[in-house]
Amino acid sequence: MAVEISGQADGADLRRFLMELSNAEEQYEQIRNVPLSVGLLEYALIAPIMVSIAMTPRQTPESPRAPACDYCYPPLVEAAGRCLYISQEALSWQDARNYCHSLQVQTTTADLITFQSCNDFTILAGYLGFNVPSDTSYWVGAHTEFTSNNWRWLNGEPLSTGVPFWDHRQGHDKGEDCAAMESGSYFRLADHDCLEPRLFICASPLIPAYKSEIEVKDFLCPDETLQIGTGCYYFSTYHSNWNAAEERCRSKFHHHQGQLFSPASCDEFVHIAHHLEVTEDKKDRWVGAIDVTGNHEWYWESGDLIPGGPPFWATSEPNHKSDHARDQGAYMSASKRFYLEDDSTSHQLDYICKVSPFE
Ligand SMILES: [Ca+2]
Ligand SMILES: [Ca+2]
């Protein structure tokens, strides 16, 4: 049996070969079969190196020299975790879409960008804020279908107006059936006439996210609170200043770790905003957001930083001019589709507490 000693030999071949070599009876025969191009002495030098190469773990895709297929094909660039093409020429929505289709992305083609989650959108909005000129507007892969306000992403997923993707004033204009991300509204969406030439963003298509079966345990919310999603919430029925509201959440629900509502995720915020919309709650409600220094350093009471722009703040908010610490809080604004606005903590508003369920 001849065993080729070359760059192609794998570890198993080599180990087998060496084991066979160690067999004294076969040793002579094996050595005779070493290709003539590799002398015995050279083989003796190469073999240990090849064993060590064979034993070295292969490079993982995360390593800096990942295979080329992990990168985006020009002219797409890798940004915000995706392969994107951010146009510099303006086209109608359909022409923009056709342009995207002409771009090759690995084994498939690109399309106008769509978003699967609030987080995807927030990350891209943050990226655009740093990387595109101000006063720009980019077509994305969303349009109306069947009826005028029935918005969908290109993958067929429904897209509701309001929190978290849309500017609070946009999405209902007659004859405006295509959506664009606008720098003037923190890159939130606005509806426009599909024939207007606009810049656009193409992206590699989204593979539907694997939705794990989250085990939802049965739980019971305390009296006076509502179960929404996987949390319990209290919606006040009277006004209070921000500090008193915070104190009230703690004391009223002290057995249930009550505190002013501080969403742990974009999705939790969306849940509450949509609840307020469908129940036609017309009240502005304090949440657990405070400017800790007075210099627009906003934090949730939970200690998490609140980023500017998406997903929480209404367009042009926060905008207070105070420079006193803990002087300004934020509320979910009924007139701005429950995105946040800031206001003096001394103002009297209703509020939302988040409360732990019974164990
Ligand atoms: Ca519009
Ligand atoms: Ca304000």
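Of the 359 residues of the chain in this predicted model, 32% count as buried. The chain has seven helices and 18 strands, and among its contacts with a separation of 6 or more, 66% are made by residues 24 or more positions apart.

One of the helices, α5, runs through residues 118-131 and thus holds 14 residues; from the first C-alpha to the last, α5 reaches 20 Å, which is close to the 20 Å expected at 1.5 Å a residue. Its buried residues are Phe121, Thr122, Leu124, Ala125 and Leu128. These residues lie on the same side of α5, because they cover an arc of only 170° around the axis. In general, an α-helix has 3.6 residues a turn, so residues three or four places apart point the same way. On the face turned away from this buried side, α5 carries the exposed residues Phe130 and Asn131.

The elements that cover the buried residues of α5 include the strand and the helix listed here.

| Element | Residues |
|---|---|
| β8 | 178-182 |
| α7 | 266-278 |

Of these two, β8 also pairs with strand β9, which spans residues 189-192, in the antiparallel sense and over four bridges. Within this pairing, alanine 180 stands opposite alanine 190 in β9. The hairpin formed by β8 and β9 has six residues between the strands, and tyrosine 186 in this hairpin takes a positive phi near 60°.

How values were computed:
Residues numbered from 1 in each chain as written. Chains lettered and ligands numbered in written order. Predicted model: local features only at pLDDT ≥ 70, side-chain atom pairs only at ≥ 80, totals over all residues. Expected span 1.5 Å × (residues − 1). Buried ≥ 20, exposed ≤ 12 C-beta atoms within 10 Å, placed from the backbone. Arc of directions from axis to C-beta. Contact = placed C-beta atoms within 7 Å. Pairing = 2+ DSSP bridges.
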